[in-house]
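Trainee: I would like to go through this model with you. May I start with a point of strand pairing and then move on to other topics?
Mentor: Please do.

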Amino acid sequence: MTPTRGRAVTPRAASTGVTLRELKAAPKSRVVVDLDGYGKVLLKEFMGDVYAVSNKCPHLGLSMQGKTELLSAKVNDDCSIVCPAHGSTSDMKTGAAIGEWCPNLPTLPVVGKPFAGEPQGIATYAVTVDESSGAISIA
């Protein structure tokens, strides 16, 4: 299933193989899972809720959560996630693009930011957490 940018995607439900306890114990309370039909999905526990977004930035498909701090997205207090490469911000609840698109790209004289393209949101997925086991699934 191809993610739809900027709005929730609802293919079949899939177990992530991650529990809430494991997610909370992970660095920055983040885990990337590779799921059939979804691709790489970034799970994030934030202020008591679990969010699932595509691990690909909506601009060029680069990883939102990389292997180093430099290549890891920032999560803001307003539940938005910032692409580590381009600086574009998306709402983790709705996927909508927020603020300036690709602020980290240079502005060139006369042409501006020719490689920025139009703002696009990030794919988001509905999350369920099993009350008894803490197993996290997305749909």
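Trainee: Which residue in E5 is the bridge partner of Val41?
Mentor: Ser54 in E5 is the bridge partner of Val41. Please keep in mind that this is a predicted model.

Trainee: How many bridges join E4 to E5, and in which sense do the strands run, parallel or antiparallel?
Mentor: E4 and E5 are joined by six bridges and run antiparallel. In general, strands of a sheet pair through backbone hydrogen bonds, in either a parallel or an antiparallel arrangement.

Trainee: What is the bridge partner of Val33 in E4?
Mentor: Val33 has Val41 as its bridge partner in E4.
Mentor: Strand E3, residues 30-35, pairs with strand E4, residues 39-46, over six bridges in the antiparallel sense.

Trainee: Is E4 mostly covered or mostly open?
Mentor: E4 is mostly covered, with six of its eight residues buried.

Trainee: What about the turns? Which residue takes a positive phi in the hairpin of E3 and E4?
Mentor: That residue is Gly37, with a positive phi near 85 degrees. The hairpin has three residues between its strands.

Trainee: And which residue takes a positive phi in the hairpin of E4 and E5?
Mentor: Met47 does, in a hairpin with two residues between the strands. Its phi is near 50 degrees, a positive value in a residue other than glycine. Most residues other than glycine have a negative phi.

Trainee: Is Met47 buried or exposed?
Mentor: Met47 is exposed, and its relative accessible area is 66%. The residue lies in the loop between E4 and strand E5, which covers 49-54.

Trainee: Where is Cys79, and what is its phi?
Mentor: Cys79 is placed in the loop between strand E6 (74-75) and strand E7 (80-82). Its phi is near 70 degrees, again a positive value in a residue other than glycine.

Trainee: Is Cys79 buried or exposed?
Mentor: Cys79 counts as buried, at 3% relative accessibility. The cut-off for buried is under 20% relative accessible area.

Trainee: Let me change topic. In what order do the three strands of the open sheet stand?
Mentor: The order is E2-E12-E11, and the pairing is antiparallel. Strand E2 (14-19) and strand E11 (127-129) stand at the edges with a single partner strand each, so one side of each is left without a neighbour in the sheet. From one strand to the next, the twist averages 25 degrees.

Trainee: How many bridges join E2 to E12?
Mentor: Four bridges join E2 to strand E12, which comprises residues 135-138, and the two run antiparallel. One of the residue pairs is Val18 with Ile136 as its bridge partner in E12.

Trainee: What share of the protein chain is buried?
Mentor: Of the 139 residues in the protein chain, 43% are buried. The chain exposes about 7,700 Å², and carbon and sulfur atoms supply 54% of that area. Among contacts with a separation of 6 or more, 48% are between residues 24 or more positions apart.

Trainee: How many cavities of 30 Å³ or more does the structure hold?
Mentor: The structure holds one cavity of 30 Å³ or more. About 40 Å³ of space lies in the largest cavity. Residues lining the largest cavity include Cys57, His59, Cys83, His86 and Trp101.

Technical notes. Residues are numbered from 1 along each chain as its sequence is written. This is a predicted model: local features need pLDDT of at least 70, side-chain atom pairs count only at pLDDT 80 or more; totals for chains, interfaces and linings use all residues. Side-chain values use heavy atoms; hydrogens and water are left out. Two strands pair if DSSP finds at least two bridges between them. Axes are lines fitted to C-alpha atoms, for helices over the stretch in contact, and angles run from 0 to 180 degrees between N-to-C directions. Buried means under 20% relative accessible area, exposed over 50%, partly exposed in between (1.4 Å probe, protein chains only). Contact means heavy atoms within 4.5 Å. Accessible areas come from the Shrake-Rupley method with a 1.4 Å probe; for residues, only the protein chains shown count as cover. On a 1 Å grid over the protein atoms alone, a cavity is a set of points where a 1.4 Å probe fits but cannot get out, and a pocket is an open set with protein on both sides within 12 Å along at least five of seven lines; lining residues have an atom within 4 Å of a point. Grid points are joined across faces, edges and corners, and a volume is the space filled by probe spheres set on the points.
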